[in-house]
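Dear colleague,

Please find below the structure I said I would pass on to you. My notes on the ligand site and the salt bridges follow it, and I would be glad if you read them beside the model.

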Amino acid sequence: MKYKNFNSFKELFKRYKKNPILTPENWPYKVGAVFNPGAIKLNDEILLLVRVEDRQGYSHLTIARSKDGKTNWRIDSAPTLVAKKEFGEALFGLEDPRIVWLEEREEYIITCISFFECVTGEPPGISLISTKDFINFKRLGHKLIPPNKDASLFPKTINGYYALINRPIVEGRADIWVSFSKDLDFWGNDRVLIPTRHRSWDCSRVGLGPPPIETPDGWLIIYHGARDTASGTIYRVGLALLDLETLEVIRRTKDWVFGPKESYERVGNVDDVVFPCGTVLDEKTNEILIYYGAADSTVALATANLNDLLDYIKTCEMC
Ligand code: BMA
């Protein structure tokens, strides 16, 4: 009997051949790991805000710039952003930044994980930081109730409210939520957006990847899903499409679309992790550069065509 080769489907995410693009060896100072970067295009260059883990195991964020987003990275000689106690960050570091340009405020908002001292210990929570130029930064402080991770604003207000995707732990569940605010300070109207799915590849935890991408078909969400297995946790990537106004989930891929395969994704400080936090879309070609952390050790790049992603999500199997 002949079997159809189900693994020969079109790869939606194509890995850059010279991955990983950034490693600790590239760094101008002593570090342990570089991964999970936020990404934007600024002044005709790709700017990555990279999570850098020092050799104590704490993280800070450092800028790396490149003309083509692939080669010849120029890395700042010192950390760009470090945790600050006066902003409610417990000095255990900043992790996993996402960056959006908020047209209404004419500034970028960076969301990252920081740690928050409270009676339950030092759980992870969300810090907001604004900047216009990536030279001067304004610390907006620690927001939302911890434990919380994987947060990003939508790049525009939704029905007059800033909308923040985030991932609290509620009753032991790690689902993707959305919260709303008039001023970026006080948050409420929280609700679950994308829940974990029983027994699926995304059964243990889900979290937003890069910031939502606005398309004519809806907000494209690239998210990570984790599954705890007998030999460890596997972090993979799936897609969802949200209504532009109500943010209801219109479509969600049943299967993961990108997962650890190459050795730099399979083996590292944490094995079997692909963790995208930033994308840059070329509006002329519709090509998306997707920057991701590989095995919590290095920065890697995949590319995808936005139309291919939308075709796939609009026609794929759902559950
Ligand atoms: C998540 C986050 C990420 C990390 C991933 C895999 O909980 O902490 O920073 O890349 O785990 O270890």
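In these notes a residue is called buried when its relative accessible area is under 20%, exposed when that area is over 50%, and partly exposed in between, with a 1.4 Å probe and protein chains only. This is a predicted model, in which local features need pLDDT of at least 70 and side-chain atom pairs count only at pLDDT 80 or more, while totals for chains, interfaces and linings use all residues. Residues are numbered from 1 along each chain as its sequence is written, and side-chain values use heavy atoms, with hydrogens and water left out.

The ligand site

The ligand is surrounded by N36, R51, D96, K149, Y235, V270, V273, F275 and D296, where a residue counts as near if one of its heavy atoms lies within 4 Å. By residue class, this shell divides into four nonpolar, one polar and four charged residues, with Val, Phe and Tyr among those counted as nonpolar and Asp, Lys and Arg among the charged. Oxygen atoms of the ligand lie 2.7 Å from an N or O atom in the side chain of R51, 2.5 Å from a polar side-chain atom of D96, and 3.0 Å from an N or O atom in the side chain of K149. Of the 300 Å² that the ligand exposes when taken alone, the protein buries 85%, the areas coming from the Shrake-Rupley method with a 1.4 Å probe.

Salt bridges

Counting a side-chain nitrogen of Lys or Arg within 4 Å of a carboxyl oxygen of Asp or Glu as a salt bridge, the model holds 22 of them. In one, E265 pairs with R15, with the closest N and O atoms 2.8 Å apart; because E265 lies in helix α1 (residues 263–266) and R15 in strand β1 (residues 14–15), the pair ties together parts that are 250 residues apart in sequence. Helices (H or I, at least four residues) and strands (E, at least two) are DSSP runs, numbered from the N terminus. Both E265 and R15 are buried.

A further salt bridge joins K143 and D185 at 2.5 Å, N to O. K143 sits in strand β9 (residues 137–143) and D185 in the loop between β12 (176–181) and β13 (188–194), so this pair ties together parts 42 residues apart in sequence. K143 counts as buried at 8% relative accessibility, whereas D185, at 38%, is partly exposed.

Technical notes. A polar contact is a pair of N or O atoms within 3.5 Å; within protein, one must be able to donate a hydrogen and the other to accept it, and residues adjacent in sequence count only if both atoms are side-chain atoms.
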